[in-house]
Amino acid sequence: MTSPLSISRDTAVGAEARLSWILSGLAGMVGAVAFLHSAGYFVTFMTGNTERAVVGYFGHPDGKEVAPGASPWAALALMGSFLAGVVVASICRRRYWSNHPHGATVLTTLALAAAATMDIAISGWSSSNVNFYPILLVAFALGALNTAFTKKEETYIPLSYVTGTLVKLGQGIERHLFGGGTYYDWLCYTALLGSFALGGVIGAFIGVVITGSQVLLIAASISFGATIFTFTHTERRSVLG
């Protein structure tokens, strides 16, 4: 007997799922370049930032100076910026772009372009690292991106929430083995996880060969390409269906 929670083929590997892989890869890429070209700031890992915000107040157990990326105030600022991205994108979705994923990617692209412009103005064209303030805009961009797939005002495909993806992957494996599910119950989450990881690999490669300010321009350009693809992809589906 098939589990009532079992995921259908269309949901697991359909057009919307394939689009989510691309946007999850974008999130992984942006997170990787931001981490490599900053003082170790997390723009996708809000669980880590929450722990840093708490643990950072206690300092290093060996009395060493806390690294800038582990500063509790920096972690709180990143969390606030990510949250602001979610709120602003949700407001825009309600008022301007309804149920269109490309709206979130437009906001992501604009925030990344603004971050690149700010960093060039602050640090110059060839600086090796990105300043903290542009990193806040990058966190805002990732918060906005996570609203791309929303139903009933709730995100149902969180693009950079890897912890949740792993939990759902494990539940899907159990359901397939013992609960009457199918391999689609875990395949979709495996693909989402793999896409995020592949995006991280691409971001790491970009981060190695390109300097700080320029890497944000590359990220903004890739995000723009993803926006164009998302727009044409969703509009074509609207016409056909």
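This is a predicted model: local features need pLDDT of at least 70, side-chain atom pairs count only at pLDDT 80 or more; totals for chains, interfaces and linings use all residues.
User: What is the order of helices and strands along the chain?

Analyst: There are nine helices and two strands. Along the sequence they follow the pattern α-α-α-α-α-α-β-β-α-α-α.

User: Why is Ile120 called partly exposed?

Analyst: Its relative accessible area is 28%. Buried requires under 20% and exposed requires over 50%, so a value in between is partly exposed. Ile120 is therefore partly exposed at 28%. The residue is found in helix H5.

User: How do you know which residues Ile120 touches beyond its sequence neighbours?

Analyst: The test is heavy atoms within 4.5 Å. Not counting residues up to four places away, Ile120 touches Trp125, Ser213 and Leu217. Ser213 is 93 residues from Ile120 in sequence, yet their C-alpha atoms are 5.7 Å apart.

User: Why is the pair Glu153 and Arg94 called a salt bridge?

Analyst: A side-chain nitrogen of Lys or Arg must lie within 4 Å of a carboxyl oxygen of Asp or Glu. The closest N and O atoms of Glu153 and Arg94 are 3.2 Å apart, and the pair forms a salt bridge. Glu153 sits in the loop between S1 and strand S2 (154-155) and Arg94 in helix H4, so the pair ties together parts 59 residues apart in sequence.

User: Are Glu153 and Arg94 buried or exposed, and how do you know?

Analyst: Exposed means over 50% relative accessible area. Glu153 counts as exposed because its value is 59%. Arg94 is exposed because its value is 61%.

User: What makes Arg175 and Asp185 a salt bridge?

Analyst: The closest N and O atoms of Arg175 and Asp185 are 2.9 Å apart, and the cut-off is 4 Å. Arg175 lies in helix H7 (residues 162-178) and Asp185 in helix H8, so the pair ties together parts 10 residues apart in sequence. Both Arg175 and Asp185 are buried. The count by this rule is two salt bridges.

User: What makes a group of residues the largest nonpolar core here, and which have the most contacts inside it?

Analyst: Such a core joins buried nonpolar residues through side-chain atoms within 4.5 Å. The largest has 46 residues, and those with the most contacts inside it are Leu23, Val30, Val43, Leu78, Val138 and Leu142. Helices supplying at least two residues each include H2 (15-36), H4 (72-97) and H8 (184-209). H6 gives the most, with 10 residues. Beyond four places in sequence, the contacts of Val43 include Val30, Leu78, Val138 and Leu142. A second, separate core has seven residues, among them Ile7, Ala12, Leu169 and Tyr184.

Definitions and conventions
Residues are numbered from 1 along each chain as its sequence is written. Side-chain values use heavy atoms; hydrogens and water are left out. Buried means under 20% relative accessible area, exposed over 50%, partly exposed in between (1.4 Å probe, protein chains only). Helices (H or I, at least four residues) and strands (E, at least two) are DSSP runs, numbered from the N terminus.
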